[in-house]
Amino acid sequence: HDMDNTQQARDSFRPALDDYDWLVDAAPDLASVYTGRGWTVLRLREEVKLTSRIPYLLAAVKDFNQAIEENPDDISALSGLGWAYRFLAAIYPLCRDHKGDPTELNANWQYLESAVDAYDQVIAREPEEPNHYRVRGQLHWLMAGCAPGSTKQPDLEKSLADYSQAIALDPGGADLYNTRGHLYYALWLIMPEAERDTDTAMGYR
């Protein structure tokens with residue numbers, strides 16, 4: 001049944017991919033062609049089971065990188081690259097829940113780190129877009145305590161800073177305040193007990 005679904009997904013996206021394959025051959029120096037094919041492949045990954053997604057996502061990474069090589073300021077390619085790495089990370093268990101193969105643990109945080117790197121470049125080019133900070137804030141939160149020898153605090157603080165910047169740019173975003181509240185609480189939980197005084201608790205609530 002999974003194989004049938006995978007084949008149906010391939011069949012439904014094949015015309016679009018065929019068009020992009022033709023365009024890549026016809027205009028190999030055009031960044032938008034690789035960007036378009038990369039996003040098409042990203043959407044295809046939604047139609048196949050989790051364990052079958054890796055080759056599709058790696059193909060999208062390759063296309064987005066090619067687009068960026070042709071046009072380093074292609075925001076769509078840079079954000080697509082970030083999402084491709086984010087989806088690759090999601091194939092593996094979150095480090096905070098992981099107790100098994102260390103190779104899988106490393107894959108999770110390394111892909112997340114690559115996603116952050118991509119969004120660093122996105123933000124450098126569009127620093128006034130609040131959603132970019134929200135996405136990077138989510139990535140930092142997922143990475144908290146994942147890197148070997150690290151603790152949760154540095155990434156949680158980076159996530160908090162990103163959500164605060166998103167709020168500064170979009171003060172009406174209610175969901176941003178909600179997530180920032182959870183981040184304050186997560187930071188409060190990892191504080192040494194001696195530092196959890198009433199004022200701090202109020203500030204982190």
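**Helix packing and aromatic pairs**

1. Helices H6 and H7 cross in a left-handed sense. The model is a predicted one. H6 spans residues 130-143 and H7 residues 152-169; they pack at an angle of about 165°, with their axes 8 Å apart. Angles over 145 degrees count as roughly antiparallel, and H6 and H7 are therefore roughly antiparallel to each other.

2. On the H6 side, the contact includes Pro130, Tyr133, Arg134 and Trp141. On the H7 side, Asp155, Leu156, Tyr163 and Leu169 are among the residues involved. By class, the residues of this contact of H6 with H7 comprise 8 nonpolar, 5 polar and 5 charged.

3. The structure contains 5 aromatic pairs. In one of them, the ring centres of tryptophan 39 and phenylalanine 64 are 5.7 Å apart and the planes stand at 70°, so the pair is edge-to-face. Tryptophan 39 belongs to helix H2 (residues 31-44) and phenylalanine 64 to helix H3 (residues 54-70), so the pair ties together parts 25 residues apart in sequence.

4. Tryptophan 39 is partly exposed, at a relative accessible area of 21%, whereas phenylalanine 64, at 0% relative accessibility, counts as buried.

5. The rings of tyrosine 92 and tyrosine 111 have centres 6.2 Å apart and planes at 25°, so this pair is stacked. Tyrosine 92 lies in the loop between helix H4 (75-90) and helix H5 (102-125), and tyrosine 111 lies in helix H5, so the pair ties together parts that are 19 residues apart in sequence. Ring pairs join Tyr85, Tyr92 and Tyr111 into a cluster.

Methods:
Residues numbered from 1 in each chain as written. Predicted model: local features only at pLDDT ≥ 70, side-chain atom pairs only at ≥ 80, totals over all residues. Heavy atoms only, no water. Axes fitted to C-alpha atoms, helices over the stretch in contact; angles between N-to-C directions. Helix = DSSP H or I, 4+ residues; strand = E, 2+ residues; numbered from the N terminus. Parallel < 35°, antiparallel > 145°, perpendicular 65-115°, else oblique. Left-handed = near helix turned anticlockwise from the far one by under 90°. Contact = heavy atoms within 4.5 Å. Nonpolar A, V, L, I, M, F, W, Y, C, P; charged D, E, K, R; others polar. Phe/Tyr/Trp six-rings, centres within 6.5 Å; stacked < 30°, edge-to-face > 60°. Buried < 20%, exposed > 50% of the residue type's maximum accessible area, 1.4 Å probe, protein only.
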